[in-house]
Every structure is written in C-alpha cells, then in structure tokens.
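Student: Hi! Could you walk me through this structure with me asking whatever comes to mind?
Tutor: Happy to, ask away.

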Amino acid sequence: MNESQRQRLKLMAERFSEWLEAINYSPKTRVNYTRDVKLFLAWLSENTALNSIVEVTPAHLQQYQIALYNFTRHEDKEAATKEKAEPKRLSVGTQANRLAAVRKFFSWLLSEQQIAYNPASTLQLPKQPQRLPRGVLTKTEARRLIEATPTVKPRDVRDRAILETLYATGIRRAELIALTIYDADLQTATLRIEHGKGNTKRVVPLTQSAIAALKLYLETARGLFAREAGQVRLFVSSRSGGPLDDDDIVRIVCKAARRAGLSKHVTPHTLRHTCATHLLKGRADIRQIQKLLGHRRLSSTEVYTRVELSDLHEVIARCHPREKRK
C-alpha cells in the first residue's frame with residue numbers, strides 16, 4: 001500500500017471509533033477495539049499486497065488469525081538479551097479480543113456500504129478455557145481490606161465508601177464511575193445502575209455498611225471535592241473536583257490492599273468476584289447473583305459454582321476413608 005492508502009485506512013479506524021461512541025460502547029471497549037483494529041490494518045499493510053479494504057477475503061483473515069497465534073514477544077528488552085529467556089505468546093483471551101474487534105469492524109464497514117460482503121462473517125474466535133476468578137478474598141481479607149482505610153480524612157472517607165460499595169454490590173468499575181448522586185437511594189437502601197454493560201439498567205441493594213459509608217461521605221467529604229456547580233457524579237476527585245477515572249479506582253483499591261497487608265493482587269474486579277463468591281457460599285440463588293452482577297447470560301455467573309481445589313482438599317481430608325483425620 002502507498003501512503004495515501006494507509007492514511008485512508010487510518011481514517012476508517014477513527015470513524016469506526018466514533019461509531020462505537022455513537023452506539024454507546026464503553027470508553028474502555030472503544031479504546032481497545034480501535035487499538036486492535038489499527039493493529040490489524042497495520043498487519044494488512046505490511047503483510048499483504050492489497051490496495052484497499054474491499055479486497056480483504058476470509059483467507060486473509062485466516063492468515064491474520066494464524067499470525068496472532070504464532071506471535072511471540074519478550075516481556076522486556078533485558079529478557080530479550082538473555083539466552084534462556086523464553087518469548088511469550090499472546091494469551092487466548094488477547095487473540096479472541098483482537099479478532100472480535102476485527103469482526104465488529106467489518107460488520108460496521110458492511111453497514112456503511114463500504115464493502116459488498118463481510119469477509120469476517122465466518123471468522124471463528126478461539127475457544128477460551130473457563131477459569132475461576134483469580135485472587136478471590138476470604139471474608140476476613142475482605143473485612144481487613146475495607147477496615148484498613150480510616151474514616152478521618154475526607155479522601156479516606158470517600159475511598160472507604162468506594163470500597164464498601166464495590167464489595168456490597170459487585171458492580172463493575174465503569175458502573176461505579178458513572179454513578180450520580182441521584183442513583184444512590186439511602187432511604188430504600190438501593191443503588192441504580194443506569195449505564196451497565198451493553199447499556200443495560202438494574203437496581204441493586206446496599207448493605208448497611210455501605211449505606212453508613214455513603215452517608216458519611218455525602219455529608220462530610222463530597223462537598224469539599226465537588227466545587228463546580230452542576231457536578232452530579234457520586235464519586236469525585238479530591239484534586240480536580242471532576243469525575244474519577246479507571247486509574248483512580250485501581251489506585252484506591254491497591255492502596256487499601258497495601259494498608260491491609262494483603263499479599264494477593266487485588267483489583268476493583270477482585271471485589272466483584274469476591275462479592276459473588278461470598279454470596280454463593282452463603283447459599284444465595286445463582287439467578288439472584290446473575291441479576292445482581294448484571295450478567296446477560298447465566299453461564300457467565302455459573303463460573304462461581306465451580307469448586308476450588310482448596311475446597312476439594314478440605315473435603316478429602318475430612319471425608320475420604322483413607323485420609324479422614326480423627
């Protein structure tokens with residue numbers, strides 16, 4: 001491809017990103033899809049003799065899929081210089097995500113009448129192994145994580161409310177960021193999620209601990225941060241007074257984990273997994289957990305029903321005739 005053709009592809013990728021925004025894809029998904037489409041277009045430019053996107057065939061997409069499967073990289077430059085350093089392959093999840101972005105891109109091109117047929121319509125994504133969520137906290141660890149954050153300084157009051165809300169409801173990080181002051185009804189002990197995944201809506205209950213933390217935050221801390229008139233986001237930055245972003249929430253959770261002295265890698269999603277796991281072990285119905293988490297498919301929730309190996313060890317030690325301990 002010449003420079004003019006490459007610039008045309010770049011413009012297509014930008015228009016695709018704008019379309020994703022127009023149909024209300026989450027900011028994170030838009031960034032990831034746009035990046036992955038640009039990677040595909042760069043591969044197309046460097047590895048084929050095509051002059052236009054309309055020339056892409058299913059065979060080209062199969063070649064790209066194989067290229068993703070065979071792609072290897074070193075973790076860092078130092079590792080690349082070591083003789084025994086083994087290059088890393090792309091995970092199955094990363095491969096699937098990149099192909100999903102390409103499939104969505106060609107679906108958009110077809111809807112825009114940029115192509116006559118969709119060469120990605122038969123593209124099959126690699127099957128991902130179903131794994132248990134990693135790093136689920138125990139009840140003791142979850143309590144330590146939350147209670148390690150004091151409620152003296154205004155910023156800590158806000159962070160404590162965030163931790164309590166994440167653990168109480170299992171909501172996603174993006175859903176937490178999008179909350180407004182009108183979404184938290186402390187009288188009815190509910191939280192309204194207006195911008196769930198796939199632009200879905202749901203109402204989830206709040207625990208008494210979460211209600212107390214939110215009430216303290218709203219009464220004593222939020223007004224110190226939200227200095228601009230018209231700011232309705234529930235959780236706001238102590239620096240700018242504007243909405244928190246993804247990195248802010250990650251930092252808050254990581255800081256709490258350090259304060260609690262937890263050795264596990266803890267992220268906002270860890271609290272989502274932990275909430276679901278603790279509810280299930282408390283004998284909550286799987287469909288109730290599905291509704292709480294906002295899963296469209298029950299299969300997404302059923303991952304929590306798989307028995308962990310540590311639980312099996314305990315069962316064997318307690319019940320097996322050859323292992324039963326007195």
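Tutor: Let's begin with a charge over a ring: arginine 89 lies over the face of tyrosine 69, at 5.2 Å from the ring centre. For that label, NZ of Lys or CZ of Arg must be within 6 Å of the ring centre and within 35 degrees of the ring normal.

Student: Where does the model come from, and how are things counted?
Tutor: This is a predicted model, where local features need pLDDT of at least 70 and side-chain atom pairs count only at pLDDT 80 or more, while totals for chains, interfaces and linings use all residues. Residues are numbered from 1 along each chain as its sequence is written, and side-chain values use heavy atoms, with hydrogens and water left out.

Student: How many helices and strands are in the chain?
Tutor: The chain has 15 helices and five strands. These are DSSP runs numbered from the N terminus, with helices being H or I of at least four residues and strands E of at least two.

Student: Back to rings. How many aromatic pairs does the structure hold?
Tutor: There are 11 aromatic pairs. Rings of Phe, Tyr and Trp (its six-membered ring) pair if their centres lie within 6.5 Å; planes under 30 degrees apart are stacked, over 60 edge-to-face, and the rest tilted. Phenylalanine 40 and tyrosine 64 have ring centres 5.0 Å apart and planes at 70°, so that pair is edge-to-face.

Student: Which helices hold those two?
Tutor: Phenylalanine 40 is in helix H2 (residues 27-47) and tyrosine 64 is in helix H3 (residues 58-70), so the pair links distant parts of the chain, 24 residues apart.

Student: Are phenylalanine 40 and tyrosine 64 buried or exposed?
Tutor: Both are buried, meaning under 20% relative accessible area, where exposed is over 50% and partly exposed is in between (1.4 Å probe, protein chains only). Phe40 and Tyr64 also belong to a cluster linked by ring pairs, together with Phe16, Trp19, Trp43, Phe105, Phe106 and Trp108.

Student: New topic: how do H7 and H9 cross?
Tutor: The axes of helix H7 (residues 154-169) and helix H9 (residues 208-220) come within 8 Å and cross at roughly 150°. Axes are lines fitted to C-alpha atoms, for helices over the stretch in contact, with angles from 0 to 180 degrees between N-to-C directions. H7 and H9 are therefore roughly antiparallel; that label needs over 145 degrees, while under 35 is roughly parallel, 65 to 115 roughly perpendicular and the rest oblique.

Student: And which hand does the crossing of H7 and H9 have?
Tutor: It is left-handed, so the near helix is turned anticlockwise from the far one by less than a right angle, whereas clockwise would be right-handed.

Student: What about threonine 165, what does it touch?
Tutor: Threonine 165 is buried, with a relative accessible area of 1%. Not counting residues up to four places away in sequence, threonine 165 touches Gly170, Ile171, Leu176, Leu191, Leu214 and Phe235.

Key. Contact = heavy atoms within 4.5 Å.
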